[in-house]
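Look over the sequence and the structure before reading the points.

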There are 2 protein chains.
Amino acid sequence: MQAIQKIGQAAQTAAFELGQLATATKNQVLLAMADALEAATPTILAANQQDMAAADANHVRQVMLDRLKLDQQRVKDMAAGLRQVAALADPIGELVQGWQTESGLQIAQQRVPLGVIAMIYEARPNVTVDAAALTFKAGNAVILRGGKEALRSNIALATVLQTVLTQFNLPATAIQLLTDTTHETAQALMQLNEYVDVLIPRGSGRFIQTVVQTATVPVIETGAGNCHVYVDADADLAMAQKIVVNAKTQRPSVCNAMEKLVVHQQIAAEFLPQLAAALAPFHVELRGDAQAQAILPQLIPATAADWGTEYNDYIMAIKVVPDITAAISHINRYNTKHSEAIITNNYAHSQQFTQQIDAAVVYVNASTRFTDGFEFGFGAEIGISTQKLHARGPMGLTALTSTKYVVRGTGQVRP
Amino acid sequence: MQAIQKIGQAAQTAAFELGQLATATKNQVLLAMADALEAATPTILAANQQDMAAADANHVRQVMLDRLKLDQQRVKDMAAGLRQVAALADPIGELVQGWQTESGLQIAQQRVPLGVIAMIYEARPNVTVDAAALTFKAGNAVILRGGKEALRSNIALATVLQTVLTQFNLPATAIQLLTDTTHETAQALMQLNEYVDVLIPRGSGRFIQTVVQTATVPVIETGAGNCHVYVDADADLAMAQKIVVNAKTQRPSVCNAMEKLVVHQQIAAEFLPQLAAALAPFHVELRGDAQAQAILPQLIPATAADWGTEYNDYIMAIKVVPDITAAISHINRYNTKHSEAIITNNYAHSQQFTQQIDAAVVYVNASTRFTDGFEFGFGAEIGISTQKLHARGPMGLTALTSTKYVVRGTGQVRP
């Protein structure tokens with residue numbers, strides 16, 4: 001506990017210095033970090049091989065090993081990511097709005113860093129570099145707590161970044177990695193209100209809920225995505241099929257992948273068999289309600305639990321509805337407020353759906369897979385917010401900032 | 001606990017309906033509420049007299065009685081507040097930004113209501129009406145939990161507002177008042193994550209910290225203000241005196257009142273005696289560090305605890321500093337990130353102060369008392385945020401909204 005207090009304090013001190021940095025300096029540091037990462041490739045890969053060997057010995061799942069593994073190309077990709085962040089516009093200093101009051105005060109709302117950002121994430125070493133780059137560019141200090149399986153890799157990466165900070169006479173504590181990966185320390189970080197301005201957790205829905213329950217610092221909820229595609233009676237069925245196949249199978253493990261199909265009863269009998277055939281090569285397990293089962297007898301009956309479950313796998317549940325209003329009710333009841341799509345050529349239905357669905361991103365005639373900072377054109381992404389405060393949807397650099405009002409007067413007092 | 005779940009669910013259902021309302025309808029409802037409040041003045045005052053009698057019998061402090069008390073004029077003021085909110089521009093539906101991606105997707109970021117807002121506040125009946133008006137105008141359902149001393153007044157007020165909702169065929173559950181004022185129910189409200197999108201606590205700094213520690217729903221911290229005025233060596237001392245007297249004495253009980261004077265050592269010997277004389281008629285208790293005591297022997301020695309304390313009273317502590325950098329360090333260490341002022345005619349110092357002070361509002365040559373939604377020109381205020389997420393500083397209608405991305409495509413899938 002003593003240690004985490006010190007880490008927080010050091011981060012706050014560093015944040016003050018980072019908040020004053022010129023854009024050119026920040027970009028030079030990021031480019032130097034990219035070069036240093038590439039130069040340190042052998043050290044980084046050696047550390048990662050130790051992590052991989054330990055994870056393998058501990059029978060860690062293949063999907064986690066895939067995320068943990070680094071190679072020459074992945075180090076190059078991380079360096080490229082740093083250069084990309086250097087090329088992004090600096091959000092700090094932007095004059096968001098300004099006006100003059102009746103008493104002659106000039107009010108300017110200026111964009112400033114958040115201060116100290118904490119991130120808790122899974123065993124993905126690339127997140128260490130991505131998160132450090134984005135928080136640094138937005139003038140923040142960061143405290144990183146990655147999955148324990150990636151500890152050696154993360155130490156190697158953070159050491160490289162810290163060395164570059166030192167070379168630029170910047171505090172190495174601007175980017176700190178928690179090497180104590182116990183739950184106690186993670187919990188202490190979640191309650192470090194004196195120093196931490198925001199905590200961004202990444203990981204499974206269950207993990208994020210634990211953070212929400214435990215944290216006393218402000219949290220931005222990210223990630224969980226029980227995403228729906230609703231195929232309306234007036235849909236172009238060929239388009240609908242293409243979009244559903246893409247949203248479900250292009251990368252089923254991610255949060256913007258589709259989990260549920262909602263289909264209008266009028267076209268269900270025509271659409272579902274075509275869709276089942278199109279999904280067959282991908283071995284998607286199909287579940288469904290009674291109406292869907294009547295059309296596709298091979299369906300596994302969907303239970304009540306299915307509608308609220310994010311599978312992150314080659315599984316899809318199908319719900320047949322009598323009309324768009326029923327579709328909207330069902331989606332608003334079970335969704336995680338991430339990404340929802342309607343496929344329709346009916347203008348009024350497209351408007352009703354976008355107006356009434358409560359989600360970060362609502363699509364008409366496009367795949368839910370586009371909910372992503374890069375796809376949105378932000379150039380980078382720190383996560384996808386599924387809450388309504390501060391930032392909603394893909395979060396780029398601006399989501400890592402706050403504002404402050406600067407008020408210039410000539411001696412005004414309040415009457 | 002069962003009851004609070006039901007209240008939350010009803011609020012969520014009402015919020016869906018409110019989010020779809022036309023601006024004209026919302027304004028008609030607000031105007032009708034204003035008329036209904038005035039018409040119900042006898043009932044409201046009778047309920048308030050019961051509250052006042054009970055509070056008096058329970059030896060409630062005079063300052064709290066002042067806030068609790070309603071009279072003809074205060075009911076008129078609440079009605080005027082409702083009409084003022086009706087006249088404000090509706091933030092909902094604003095197109096915040098929009099663009100087209102390379103793949104031809106049209107992305108529109110639209111302003112939407114937050115959904116369900118919970119407010120926990122002190123025994124001030126006018127907050128019941130103000131909060132209901134603002135949350136309603138921004139399309140949100142609200143759950144109100146006022147101080148228990150104001151319960152009868154709040155029930156009378158909420159009943160009037162709910163009756164108007166019903167007259168307009170709107171759900172009365174759009175504005176709900178918790179009549180169970182136990183701590184257990186307040187705590188359950190703070191953890192009602194399934195239904196509450198944001199909780200805004202108002203009250204003492206200690207109360208707000210308790211909420212931050214207890215709540216699992218997103219919280220916007222408001223209010224606590226340990227505000228400083230720094231009088232620089234290059235200050236116009238007459239202006240400095242006028243601003244300090246105003247910031248300290250115009251209304252010492254509020255959060256934007258000044259609590260601490262930081263003064264450059266070069267002008268301290270000249271300025272402090274003048275200031276002490278100017279403050280004398282207001283009976284401000286002056287405390288100070290050793291350097292200040294050397295100039296004003298009547299000072300009470302300031303202890304370490306003084307620098308971090310919000311007095312909300314006719315008390316002021318004085319710190320003498322060698323330069324502006326020391327002033328900034330002291331303020332950033334002890335402030336509550338609310339409102340801080342520099343009095344100077346030195347341009348470089350004005351820039352350094354506004355750049356380096358970490359607070360919601362930073363003033364040059366003006367009183368901290370201007371940190372207020374009305375003074376800022378927002379036309380209304382739901383509170384003053386002292387956190388960095390979502391909203392910082394005075395919060396008007398926009399702070400009660402979120403955004404959602406609407407993405408329109410022509411069949412795009414992710415490659």
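The lining of the largest cavity in this predicted model is made up of 12 nonpolar, 5 polar and 2 charged residues. The cavity itself has a volume of about 250 Å³.

**The cavity**

- The structure contains 1 cavity of 30 Å³ or more.
- The lining of the largest cavity consists of 19 residues, and those closest to its centre are V217(A), P218(A), V217(B), P218(B) and V219(B).
- Empty space of this kind is found by rolling a probe the size of a water molecule over the atoms.

**Where the domains of chain A meet**

- In chain A, 5 residues of domain 1 are in contact with 6 residues of domain 2.
- Together the two domains of chain A bury an area of about 410 Å², with carbon and sulfur atoms giving 45% of that area.
- Of the area that domain 1 of chain A buries against domain 2, 68% comes from R67(A), K388(A) and R392(A), more than from any other three residues.

**Polar and charged links**

- There are 2 salt bridges across the interface of domain 1 and domain 2 of chain A.
- R392(A) and D358(A) form a salt bridge through their side chains, at 2.8 Å from N to O.
- The side of domain 1 of chain A that touches domain 2 has 1 nonpolar, 1 polar and 3 charged residues.

Key. Residues numbered from 1 in each chain as written. Chains lettered and ligands numbered in written order. Predicted model: local features only at pLDDT ≥ 70, side-chain atom pairs only at ≥ 80, totals over all residues. Heavy atoms only, no water. 1 Å grid on protein atoms, 1.4 Å probe; cavity = no way out; pocket = protein on both sides within 12 Å on 5 of 7 lines; lining within 4 Å. Points joined across faces, edges and corners; volume = space filled by probe spheres on them. Nonpolar A, V, L, I, M, F, W, Y, C, P; charged D, E, K, R; others polar. Contact = heavy atoms within 4.5 Å. Buried area = accessible area lost by both parts, 1.4 Å probe. Salt bridge = Lys/Arg side-chain N within 4 Å of Asp/Glu carboxyl O.
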